[in-house]
Amino acid sequence: MVSSRQHKDSAMRDEQVKEKKRLLAKWMIILTFFIVELFIYTQCRVSSREIGFNISDEKVTQKQLKEYRDALTVEYARLLSPERIAKIAETELNLRIPNSEQVIYLER
């Protein structure tokens, strides 16, 4: 037969083991929480840097597009210049400024 004292000691040891397991479980949960938090923080930092690089690339692209737009604006103004149009009309289309006999005025 197991004496009462041995039974109490066994119960006490079982209780201590259970308490240690609970404490270990709590620490494991806390440790897991911090590891997950570290992974999330790392992912946020990586994403932040990647977005920073993307923004930098887009700024370069924007600058190039602005320069291209400015070049197109200058080209547009050159193509619409009256001197250029008059020269093309005279040389390629053989058009001349009409003299006074060729002008017809319409009455209202």
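1. Glu 75 is partly exposed, with 33% relative accessibility. The model is predicted, and that applies to each point below. Glu 75 pairs with Arg 78 in a salt bridge, and their closest N and O atoms lie 2.8 Å apart. Arg 78 is partly exposed too, at a relative accessible area of 44%.

2. Where do Glu 75 and Arg 78 sit relative to one another in helix α1? They are three residues apart in this helix, which covers residues 4-79, so about one helical turn separates them. Side chains of opposite charge can pair when their charged atoms come close.

3. Asp 70 forms a salt bridge with Arg 69. The closest N and O atoms of this pair are 3.5 Å apart.

4. Arg 22 and Glu 15 meet through their side chains in another salt bridge, at 3.4 Å from N to O. Both partners are partly exposed. Arg 22 has a relative accessible area of 42%. Glu 15 stands at 44% relative accessibility.

5. Which residues are linked with Arg 22 in a network of salt bridges? Glu 15 and Glu 19 are.

6. How many salt bridges does the structure hold? The count is four. Among them are Glu 75 with Arg 78, Asp 70 with Arg 69, and Arg 22 with Glu 15.

How values were computed: Residues are numbered from 1 along each chain as its sequence is written. This is a predicted model: local features need pLDDT of at least 70, side-chain atom pairs count only at pLDDT 80 or more; totals for chains, interfaces and linings use all residues. Side-chain values use heavy atoms; hydrogens and water are left out. Buried means under 20% relative accessible area, exposed over 50%, partly exposed in between (1.4 Å probe, protein chains only). Helices (H or I, at least four residues) and strands (E, at least two) are DSSP runs, numbered from the N terminus.
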